[in-house]
Amino acid sequence: MAKKSVGTIQTGAKRLTKAIKMVKSPKSGAYTFVEQIMTPEEVNDFLKKN
């Protein structure tokens, strides 16, 4: 199960969110962090994707 962290960034008129999730590598079994800056509406889709 991936842990998630969400922070809000406001720049000018746009509101952006930085989402970070932990993903387990199928080859080595090590965990890596994937982060992306997006609009708040896209956060749930990003966290649900594998």
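Reader: Hi! Quick one to start: is Lys-21 buried or exposed?

Author: Lys-21 is buried, at a relative accessible area of 6%. Buried means under 20% relative accessible area, exposed means over 50%, and partly exposed is in between, with a 1.4 Å probe and protein chains only. Keep in mind that this is a predicted model, where local features need pLDDT of at least 70, side-chain atom pairs count only at pLDDT 80 or more, and totals for chains, interfaces and linings use all residues. Residues are numbered from 1 along each chain as its sequence is written, and side-chain values use heavy atoms, with hydrogens and water left out.

Reader: Good to know. Where does Lys-21 lie?

Author: Lys-21 is in strand E2. Strands (E, at least two residues) and helices (H or I, at least four) are DSSP runs, numbered from the N terminus.

Reader: Nice. Switching topic: how many salt bridges does the structure hold?

Author: There is one. Lys-18 pairs with Glu-35, and their closest N and O atoms are 3.1 Å apart. The pair links distant parts of the chain, with Lys-18 in strand E2 and Glu-35 in strand E3, 17 residues apart.

Reader: How much relative accessible area does Glu-35 have?

Author: Glu-35 has 48%, so the residue counts as partly exposed. Lys-18 is partly exposed too, at 31% relative accessibility.

Reader: How do E2 and E3 pair?

Author: They run in the antiparallel sense over eight bridges, with E2 covering residues 14–24 and E3 covering residues 31–38. Two strands pair if DSSP finds at least two bridges between them. Thr-17, for example, has Met-38 in E3 as its bridge partner. The two strands form a hairpin with six residues between them, and Gly-29 in the turn has a positive phi of about 85°.

Reader: What pattern does the protein chain follow along the sequence?

Author: The order is β-β-β-α, which comes to one helix and three strands.

Reader: Where is Glu-42 in that layout?

Author: Glu-42 sits in the loop between E3 and helix H1 (43–48). Its C-alpha atom is 9.0 Å from that of Thr-17, 25 residues apart along the chain.

Reader: Last one: what share of the 50 residues is buried?

Author: Buried residues make up 14% of the protein chain. Its accessible surface is about 4200 Å², with 53% belonging to carbon and sulfur atoms; the areas come from the Shrake-Rupley method with a 1.4 Å probe, and for residues only the protein chains shown count as cover.

Notes
A salt bridge is a side-chain nitrogen of Lys or Arg within 4 Å of a carboxyl oxygen of Asp or Glu.
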